[in-house]
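I opened the model to look up its charged pairs, then the helices around them. My entries follow in the order of looking.

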Amino acid sequence: MKQLNYSVSPYWDTRAMDVKTKMSRIMVTVSIDSKQFRITLKLKSTKSEFNKAISSTRTLSDSAKSVRKELNDYLAKAENILERLSNPTQETFTRLFKSETDLFLNNKTSIVPFFEHKISELFNEDRFSTSSNCKLSLTSFLKYKSPIYFEDIDEKFLKGYVTWMVSQGNSTTTAQIYLRNLRSVFNDVINQGIIAAKHYPFKGFAFGAKVKSKAVLYPEQLKALLNYKTTGVRETRAKAFFFFCYLSNGMNFQDAALLKYKNIQGNMLTFIRHKTRNTTTSGAKEIKVYLHDLSKAIIKEWGNKSTSPDDYIFPLVNKNMSAFEAQNTIRRYKRVSNKMLAKIGRELGFEVHLCLNLARHSYATKMKIDGVSVAAISDALGHTTTTTTEHYMKSLPNEQLKLMSSNLLAF
């Protein structure tokens, strides 16, 4: 049996007493391994009502009875949480205690508060898109089944969810993305000791077919785009952004928008991907880019005139914006640029939908065509595994395969 190393007790806060009503907030004092903290309850009373509510007397006023009942419910919830957590901490206890969800039913653990914490955590890390995606995942799971407890999720549940998603008109890819969010939350609660590893349902679960290679522009298409004569500021800027990203190791547009002049040292540009900057396992990877002459020209034409180290290179966002405002601004510029690029792509007769994301995929494919190793391409892209890199590299075009074949007997 788990050793009891905690205690909970009610506390009436004299410091917050209202002079007129004589009422003050009630708190719960929690002690875990001799470390003490307090949490405010949604409950107020006078000192007299509080004393009667925590006493053993049976004769109580209606208001004191109400206080006793609510307070006992809070204390029971606190003790239930502490008993269930194998390694309780102030953070994990507070998160669960403040949740409005019925956390435990017949010794089962609801997924809701843990998903909500993940959503909040991602948002606070400025990972707004991932946070939003995680929120959509939770909404989807609760539409499929509610309530959901970790202990009830098994391989049958996972397969049933995928089937249900498809029946609702969603793609299997969307279902897989949502399930990956569930897997992430599952790993969190297991690592925190909230549920046992035996409940982990993903060990033998296959997420589906291998992800197809991304759409790309091949060299002849890149050449056509480079030579394309743009009209108007937005179209010209969109093309410039595409090639800046392409020439910068297939840089993500968001990373380009957040670059500052201090990222440039001579002919080298160094940056850490926004997507991985909060990595804690082995540290976020710094990516190095040699500044191409065209990249320098793009900065000169479209960059900020002020080149102070802390100034952004491109005038898309500014230091007075909150992270959330900056994210929305970048999305707006990306949306407009993609609209302009799609128009260019149609005029050039491209079969693929031309957009900024193709800069990254096209860079990887061009490197592959030029014979660069997958490991080197992976390093340039900032990937942690070459498996991820393979998804960015389209199969070699027929012309390249023909050239390779013709050289097989060229001894």
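**Entry 1: conventions.** I counted a salt bridge wherever a side-chain nitrogen of Lys or Arg lies within 4 Å of a carboxyl oxygen of Asp or Glu. This is a predicted model, so I took local features only at pLDDT of at least 70 and side-chain atom pairs only at pLDDT 80 or more, while totals for chains, interfaces and linings use all residues. Residues are numbered from 1 along each chain as its sequence is written, and side-chain values use heavy atoms, with hydrogens and water left out.

**Entry 2: Glu235 and Lys343.** How many salt bridges does the structure hold? I found 10. I looked up Glu235 and Lys343, whose side chains meet in a salt bridge at 3.0 Å, N to O. Glu235 sits in helix 9 (residues 233-247) and Lys343 in helix 12 (residues 323-348), so the pair links distant parts of the chain, 108 residues apart.

Are the two partners buried or exposed? I called a residue buried under 20% relative accessible area, exposed over 50% and partly exposed in between, with a 1.4 Å probe and protein chains only. Glu235 is buried at 2%, whereas Lys343 is partly exposed at 30%.

**Entry 3: Lys343 again.** I noted that Lys343 also forms a salt bridge with Glu347, the closest N and O atoms being 3.0 Å apart. Lys343 and Glu347 are four residues apart in helix 12, and therefore separated by about one helical turn. Glu347 is partly exposed, with a relative accessibility of 48%.

**Entry 4: Lys262 and Asp310.** I found a salt bridge between the side chains of Lys262 and Asp310, at 3.1 Å, N to O. Lys262 lies in the loop between helix 10 (253-257) and strand 4 (264-265), and Asp310 in the loop between helix 11 (293-302) and helix 12, so the pair ties together parts 48 residues apart in sequence. I read 46% relative accessibility for Lys262, which counts as partly exposed. Asp310 is partly exposed as well, at 42%.

**Entry 5: Asp13.** I placed Asp13 in the loop between strand 1 (6-12) and strand 2 (23-32). Its relative accessibility is 0%, so Asp13 counts as buried. I took contact to mean heavy atoms within 4.5 Å. Leaving aside neighbours within four places in sequence, Asp13 is in contact with Ser24, Arg25 and Met27.

**Entry 6: helix 9.** Just after helix 9, Asn249 takes a positive phi of about 60 degrees.

**Entry 7: helix 12.** I repeated the length check on helix 12: its 26 residues should span 38 Å, and the end C-alpha atoms are 37 Å apart, which agrees. The buried residues of helix 12 include Ile330, Met340, Leu341 and Ile344. What do the buried residues of helix 12 pack against? I found helix 5 (128-144), helix 8 (219-227), helix 9 and helix 10. Just after helix 12, Gly349 has a positive phi of about 80 degrees.

**Entry 8: helices 6 and 7.** I fitted axes as lines to C-alpha atoms, for helices over the stretch in contact, with angles running from 0 to 180 degrees between N-to-C directions. Helix 6 (residues 155-167) and helix 7 (residues 172-191) pack at about 140 degrees, with their axes 9 Å apart. That makes helix 6 oblique to helix 7; I counted angles under 35 degrees as roughly parallel, over 145 as roughly antiparallel, 65 to 115 as roughly perpendicular and the rest as oblique. In the contact list, Leu158, Tyr161, Val162, Met165 and Val166 of helix 6 meet Thr172, Thr174, Ala175, Tyr178, Leu179 and Leu182 of helix 7.

Conventions:
Helix = DSSP H or I, 4+ residues; strand = E, 2+ residues; numbered from the N terminus. Expected span 1.5 Å × (residues − 1).
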